[in-house]
Amino acid sequence: MAASARDEVEEADDPPRVRVVEDFEVFFRREQRGLVALAFALTGSRGAAEDIAQEALVAASRRWGHVSQLDSPIGWTRRVVANRSTSLIRRRASEARAKARLALRGGPTEPAPSMASENEHLWALVRRLPKRQAQVIALRAVHGLSLREVADTIGISKATAQTHLERARATLAHQLEEGEDR
Amino acid sequence: MTDLDDRLTSAVDDLWWCVEDFDLPATVQRRPAAQPALAFVAATLLVVIVAVGFGSAVRDTPRDMAASTARFQGGVTTATDVAAAPDGRSGPMTMREAHLASTVAAAGRGLGWDVDVPGDVLATTSRAPLPGVTFTEVHLDLGGAAGRLQVSYLRGDADAVAEGTSVERELVEQRGTADIYEGTDGNTARAVELFDGTTIVYVRSEWTSDARSFAELVEIADAVNREHGDRALGG
């Protein structure tokens with residue numbers, strides 16, 4: 001009886017949780033470019049980035065009833081993008097499909113990025129980091145996520161994310177310094 | 001470190017500048033068809049997978065355990081053919097089969113299952129369906145006639161495996177670099193299929209076996225992938 005009474009009190013104290021289910025099209029329009037940016041940072045390929053973002057969005061749309069109920073639907077989708085982007089095999093397959101798609105459109109297979117060379121170089125260094133370190137750096141830099149948000153997104157602890165971030169920063173700083181010395 | 005922050009800020013600004021310029025589709029688009037040669041390889045691999053009884057997850061017609069067992073026993077002839085032993089057990093296990101069975105048993109014991117290897121190994125299969133592709137399968141007794149757990153492991157050409165597994169199934173979970181899909185395998189069983197680049201792990205269990213939840217099958221698939229992904233079972 002005591003437990004039952006406590007439950008009733010807690011139930012009365014807790015405001016009803018009403019989760020507003022966002023329309024997938026709204027989610028898609030808002031998040032698509034950011035997902036492409038994350039994939040672009042981690043793959044360095046426009047075609048692969050677009051394809052990986054599409055794959056992630058297709059996966060989200062198919063399970064939107066479930067994904068939209070998660071605490072962070074965009075976190076789930078970013079995780080898909082981050083994992084696929086750092087999988088070499090996936091990247092190759094996506095790139096091949098993207099090239100095929102672009103070829104069918106009659107367009108260029110891989111438009112030259114218009115990024116400054118020093119920035120291209122930095123992203124190339126990021127992509128050479130171990131997988132988790134690259135993901136942490138990209139999620140922090142591209143989306144400005146907190147360490148907690150980064151950790152939740154890729155499914156690791158905050159402490160582990162902190163370690164990855166510190167190691168990644170140390171490696172990048174060292175490599176940039178070495179490059180300047182040459 | 002300030003210099004690194006400045007460099008990162010500049011790189012991010014530049015990245016976004018590029019991405020803003022991308023002409024992105026306005027709606028979700030299904031993936032286009034793969035290149036013909038790749039599609040042919042994928043189709044070939046799929047046919048082989050189905051033929052050796054690995055394609056359960058991609059079929060949408062319900063099957064029962066009898067059909068599954070018949071497929072397993074009748075559709076596959078290997079060095080460790082089930083018929084070789086009078087009690088229905090396999091012949092001597094290959095190292096790959098023994099390793100796979102041990103991995104599953106260890107992971108199962110971690111989940112609280114009562115499983116013993118080789119005592120609970122009902123049957124094993126291994127073959128090379130294509131050059132560079134290896135296939136290994138074990139069936140374990142997890143609680144009587146209706147309690148069979150099937151674990152299949154395929155490793156091979158990355159592109160063919162990737163295309164072969166990218167059929168109309170829903171991604172339900174990711175473990176590291178692995179995608180895990182829910183398999184459809186009749187009204188009396190549950191199944192999951194893990195895909196990790198060059199590797200597919202398929203785990204199927206009867207409802208009445210010790211594997212009582214989908215999450216447990218995911219754990220088994222993940223354990224097999226972690227144990228064998230780049231090692232002994234690799235072709």
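Colleague: Which residues are linked in a network of salt bridges?

Modeller: In this predicted model, the network links Arg175(B), Glu219(B), Asp222(B) and Arg226(B). Look at one pair in it: the side chains of Asp222(B) and Arg226(B) meet at 3.1 Å, N to O. Both belong to helix α6 of chain B, where they sit 4 residues apart, about one turn of the helix.

Colleague: Are Asp222(B) and Arg226(B) buried or exposed?

Modeller: Asp222(B) is buried, with a relative accessible area of 8%, whereas Arg226(B) is exposed at 58%.

Colleague: How many salt bridges are there over all chains?

Modeller: The count is 8. One of them joins Arg33(A) to Glu20(B), with the closest N and O atoms 3.9 Å apart. Arg33(A) lies in helix α2 of chain A and Glu20(B) in helix α1 of chain B, so this pair joins two chains. Arg33(A) is partly exposed at 24%, and Glu20(B) is partly exposed at 48%.

Colleague: Let's turn to strands. Where do the side chains of a regular strand go?

Modeller: They alternate between the two faces of the sheet. Now try β6(B), residues 189-195. On one side you find Ala189(B), Ala191(B), Glu193(B) and Phe195(B), on the other Arg190(B), Val192(B) and Leu194(B), and all are buried. With 7 of its 7 residues buried, β6(B) is largely enclosed by the rest of the structure.

Definitions and conventions: Residues numbered from 1 in each chain as written. Chains lettered and ligands numbered in written order. Predicted model: local features only at pLDDT ≥ 70, side-chain atom pairs only at ≥ 80, totals over all residues. Heavy atoms only, no water. Buried < 20%, exposed > 50% of the residue type's maximum accessible area, 1.4 Å probe, protein only. Salt bridge = Lys/Arg side-chain N within 4 Å of Asp/Glu carboxyl O.
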